[in-house]
Amino acid sequence: MELVDQFLRKINYLRISVTDRCDLRCVYCMKEKMNFLPKNEILTLEEIDRLCFNFIQLGVEKIRLTGGEPLVRKNIIELIKNLNEKKQNTNLKEITLTTNGTLLKNYAKSLKENGIDRINVSLDTINNDKYKKITRFGNLNNVLSGIDEALKYNIKIKINTVVFKNFNEDELFDLIEWCNNKNIDLTFIEVMPMDDTDMPRNMQFVSLDKIYKKLNKFYNFKESEHKTGGPAKYYIGHNLNIKLGFITPLSNNFCASCNRVRISSTGKLFMCLGQNDYVDFREIMRNDRGDSHIKEKIKFALSVKPKRHDFIIDPKIKPYIKRHMNVTGG
Ligand code: SAM
Ligand code: SF4
């Protein structure tokens, strides 16, 4: 079975936000004062599992749990365990997660035991004070010890770093060398205009074109053969053992090869991160509709998946996406 959208893109990757809540408040992701959703609006673990199963039966091979912070969701390991069991008799090949890493020290062992072999950890700086500033109150040591714990259990890590204007542009060499020493791949990401934050987006955004050119003088990049089907372009470089990725939603559109859709913690299927259309699966499931109806609606959603996002960062234009990144999880 294959899921194909109206532009003949094969969709085999589902990202699901298991909670809108988070133990940090990264300044580019959220406002300082956030109202999180009441519990009854969030999908139950059983609803998430059922929805995932329907996607898997239609051809999804990879599932990423995200949030908010996925590790703050109560009983998250139970969900992962149930999803992991589906690998045995379906086409599901991989379950992974994107985490801020603050709780990894406690969770690394049980993640590994339940089939998680690779995770993405979001980390924008390795300076204690700067980490506190960008996350508003986080403690870098929790993340660093979490990373070490995950490596101890042989979980492969990729670091994701949002490049933020006048904040970490001057630290990118240090981050690269730090990752290189630990043998961890690193991907840089451009800030995206997902709803309003407390600071205008044009004061946050840095084009990765500019960063690539600066780093290339030093590392003399060559495009890596490594292809994930995702938006990142990977490079290898002089004196680097690791791959360096660049995700450039604004400076270099990659939507033609999109292979994914996203479900919010409330069960809304967003066919594109950068558009507002959705299909509400919580309504469908709570109205006692059967799995064949769910599958029909998934196919319908794919038939209207937009061609591309239209992100724009311009002080004169309000963000047209009315949800923060924690709703769909990046
Ligand atoms: N809490 C987890 C974490 O931080 O890894 C998972 C959810 S977080 C929303 C997923 C990713 O989105 C993180 O790598 C974060 O840095 C990134 N992100 C959040 N807001 C963003 C924005 N406006 N533009 C670009 N990336 C953003
Ligand atoms: Fe939380 Fe991740 Fe958003 Fe930071 S980026 S506030 S860790 S959800």
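Buried means under 20% relative accessible area, exposed over 50%, and partly exposed in between (1.4 Å probe, protein chains only). This is a predicted model, in which local features need pLDDT of at least 70 and side-chain atom pairs count only at pLDDT 80 or more, while totals for chains, interfaces and linings use all residues. Residues are numbered from 1 along each chain as its sequence is written, chains are lettered from A and ligands numbered from 1 in the order in which they are written, and side-chain values use heavy atoms, without hydrogens or water.

**View 1. Asp 5 in the segment before strand 1.** Asp 5 comes before strand 1 (13-17); strands (E, at least two residues) and helices (H or I, at least four) are DSSP runs numbered from the N terminus. Asp 5 counts as buried because its relative accessibility is 4%. Leaving out residues up to four places away in sequence, Asp 5 touches Ile 11, Leu 302 and Lys 305 (contact: heavy atoms within 4.5 Å). Phe 173 lies 168 residues from Asp 5 along the chain, and their C-alpha atoms are separated by 39 Å.

**View 2. Helix 1 packs on helix 9.** Helix 1 spans residues 45-58 and helix 9 spans 291-303. The angle between them is about 65°, and their axes are 10 Å apart. Axes are lines fitted to C-alpha atoms over the stretch in contact, with angles from 0 to 180 degrees between N-to-C directions. The crossing of helix 1 and helix 9 is right-handed, that is, the near helix is turned clockwise from the far one by less than a right angle. Helix 1 contributes Arg 50, Leu 51, Asn 54, Phe 55, Gln 57 and Leu 58. Helix 9 meets them with Asp 291, Ile 294, Lys 295, Ile 298 and Lys 299. By class, this contact has five nonpolar, two polar and four charged residues. Nonpolar covers Ala, Val, Leu, Ile, Met, Phe, Trp, Tyr, Cys and Pro; charged covers Asp, Glu, Lys and Arg; the others, Gly among them, are polar.

**View 3. The largest nonpolar core.** A core is a set of buried Ala, Val, Leu, Ile, Met, Phe, Trp, Tyr and Cys residues joined through side-chain atoms within 4.5 Å. The largest one has 98 residues. Phe 55, Leu 65, Ile 159 and Phe 188 have the most contacts inside this core. Helix 1 supplies the largest share of the core, seven residues. Neighbours within four places in sequence aside, Ile 159 is in contact with Val 121, Leu 123, Ile 147, Trp 178, Cys 179, Ile 184, Asp 185, Leu 186 and Thr 187.

**View 4. The shell of ligand 2.** By class, the shell has five nonpolar, two polar and one charged residues.

View 5. Asn 75 counts as partly exposed because its relative accessibility is 43%. Asn 220 sits in the loop between helix 7 (208-219) and strand 7 (222-223). At 49% relative accessible area, Asn 220 is partly exposed.

**View 6. Asp 174 and Asn 252.** Asp 174 belongs to helix 6 (residues 172-182). Asp 174 is partly exposed, at 46% relative accessible area. C-alpha to C-alpha, Asp 174 and Gly 68 are 27 Å apart. Asn 252 occupies the loop between strand 9 (244-247) and strand 10 (260-263). With 41% relative accessibility, Asn 252 counts as partly exposed.

Methods
A residue is near a molecule or strand if one of its heavy atoms lies within 4 Å of it.
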